Amino acid sequence: MTGWHAPDHFVTRYADGSLPESDAWSLEKHLECCGTCAARVSRAVRGAAAGVVLAEVREAVLGNAREAVPGAPHAAKAAPRAPAAARKAHRARPWAPGSRPARILWAAGPAVRGAWLPAVLLVAVGAVALAHAGGLPDARPWLLALAPVLPVAGVALSYGPHADPLHEIAAATPSAGLRLVLTRTAAVLAVSLPLLTLAGALLPSSDAPGAAAWLLPGLALTLASLALAGHVGVRTATAVTGGGWLCAVLGPVLAAPGGRLTAHLSERLSSFLDGAPAQGGWAAAAVLCAAVLATRRPAHHFLEMR
């Protein structure tokens with residue numbers, strides 16, 4: 001013990017989330033051995049916007065505990081509510097730290113950081129540039145061949161210690177597991193589906209399927225990766241589904257004699273994507289994978305162990 005105590009402005013800024021990260025870590029280390037400062041920080045946090053969230057979490061935990069122990073007395077005291085001023089300030093600032101929009105944005109953030117987003121932009125913009133300025137008029141088949149794999153890769157690259165410096169902390173929260181994976185998957189799809197479909201629509205092609213024909217296969221492959229991840233982990237599942245698609249589409253094209261790769265690829269993609277039977281099959285596959293994913297939901301709490 002050194003007799004040092006955290007200054008008031010440290011405590012206040014820590015409670016409202018504005019204290020720099022390095023200072024916050026130092027303060028948290030000090031709280032491990034200083035009960036006086038721990039009590040001050042606890043009071044300050046309960047009185048700030050985060051107090052509403054903490055009260056909700058406490059009430060949810062106590063509610064689950066009462067349900068898990070039927071014989072337990074139900075006379076437990078209700079969770080103390082945050083002060084009225086803090087609740088009013090919390091409602092007035094929807095993007096304040098601890099608010100629901102801020103938590104969703106924080107959870108989805110790793111999905112659109114790193115190398116994945118530049119790679120998707122490069123594919124979309126590069127395909128359009130090659131078609132209109134690079135002398136490759138039939139670029140759409142090649143984009144359609146790659147498009148279903150890009151969301152699958154985005155899901156794999158958005159979950160894990162390699163994508164999120166706070167992954168260990170996030171994985172230990174009640175929102176971890178399938179909910180966190182689905183949040184980041186939604187962010188990946190929200191970026192990749194409109195971007196790649198728009199790029200495909202800008203590409204001229206006389207024989208290739210339509211620009212939106214890859215949407216259902218992309219959704220089905222993404223759900224298949226998530227369902228398989230509960231058994232073998234995210235990266236292995238991505239390699240199996242994404243690699244399987246590329247081998248099925250590109251393998252026969254590259255092995256076909258006589259050149260004319262783009263023409264062969266267009267024919268191959270038409271057999272996979274064109275027509276109601278093909279699209280109906282992909283829709284059925286997506287529904288089936290979603291059902292498997294729902295039944296395997298508890299397995300996603302242990303993705304780090306696979």
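How many Å² does the accessible surface of the protein come to, and what share belongs to carbon and sulfur atoms?

1. **Surface.** The accessible surface comes to about 16400 Å², and 68% of that belongs to carbon and sulfur atoms. Areas follow the Shrake-Rupley method with a 1.4 Å probe; for residues, only the protein chains shown count as cover.

2. **Basis.** This is a predicted model: local features need pLDDT of at least 70, side-chain atom pairs count only at pLDDT 80 or more, and totals for chains, interfaces and linings use all residues. Residues are numbered from 1 along each chain as its sequence is written, and side-chain values use heavy atoms, with hydrogens and water left out.

3. **Fold content.** The protein has 15 helices and zero strands. Both are DSSP runs, numbered from the N terminus: helices are H or I, at least four residues; strands are E, at least two. Of the 306 residues, 38% count as buried (under 20% relative accessible area; exposed is over 50%, partly exposed in between; 1.4 Å probe, protein chains only). Take contacts (heavy atoms within 4.5 Å) between residues at least 6 apart in sequence: 70% join residues at least 24 apart.

4. **Main core.** The largest nonpolar core has 45 residues. Such a core is a set of buried Ala, Val, Leu, Ile, Met, Phe, Trp, Tyr and Cys residues joined through side-chain atoms within 4.5 Å. Leu196, Trp245, Val249, Leu265 and Leu269 have the most contacts inside it. Helices supplying at least two residues each include α7 (116-133), α11 (178-201) and α13 (234-255). The largest share, seven residues, comes from α12.

5. Another core, of 12 residues, lies apart from the largest one. Among its members are Val11, Leu19, Val41 and Val45.

6. **Aromatic cluster.** Ring pairs link Trp245, Phe272 and Trp282 into a cluster. Rings of Phe, Tyr and Trp (its six-membered ring) pair if their centres lie within 6.5 Å; planes under 30 degrees apart are stacked, over 60 edge-to-face, the rest tilted. The structure holds two aromatic pairs. Trp245 and Phe272 have ring centres 5.8 Å apart and planes at 70 degrees, so the pair is edge-to-face. Trp245 and Trp282 are also edge-to-face, at 5.8 Å and 65 degrees. Trp245 lies in α13 and Trp282 in α15, so this pair ties together parts 37 residues apart in sequence. Trp245 is buried at 4% relative accessibility; Trp282 is buried at 17%.

7. **Salt bridge.** The count is one, taking a side-chain nitrogen of Lys or Arg within 4 Å of a carboxyl oxygen of Asp or Glu. The side chains of Asp8 and Arg40 form it (2.6 Å, N to O). Asp8 lies in α1 and Arg40 in α3, so the pair ties together parts 32 residues apart in sequence. Asp8 is exposed at 56%, whereas Arg40 is buried at 18%.
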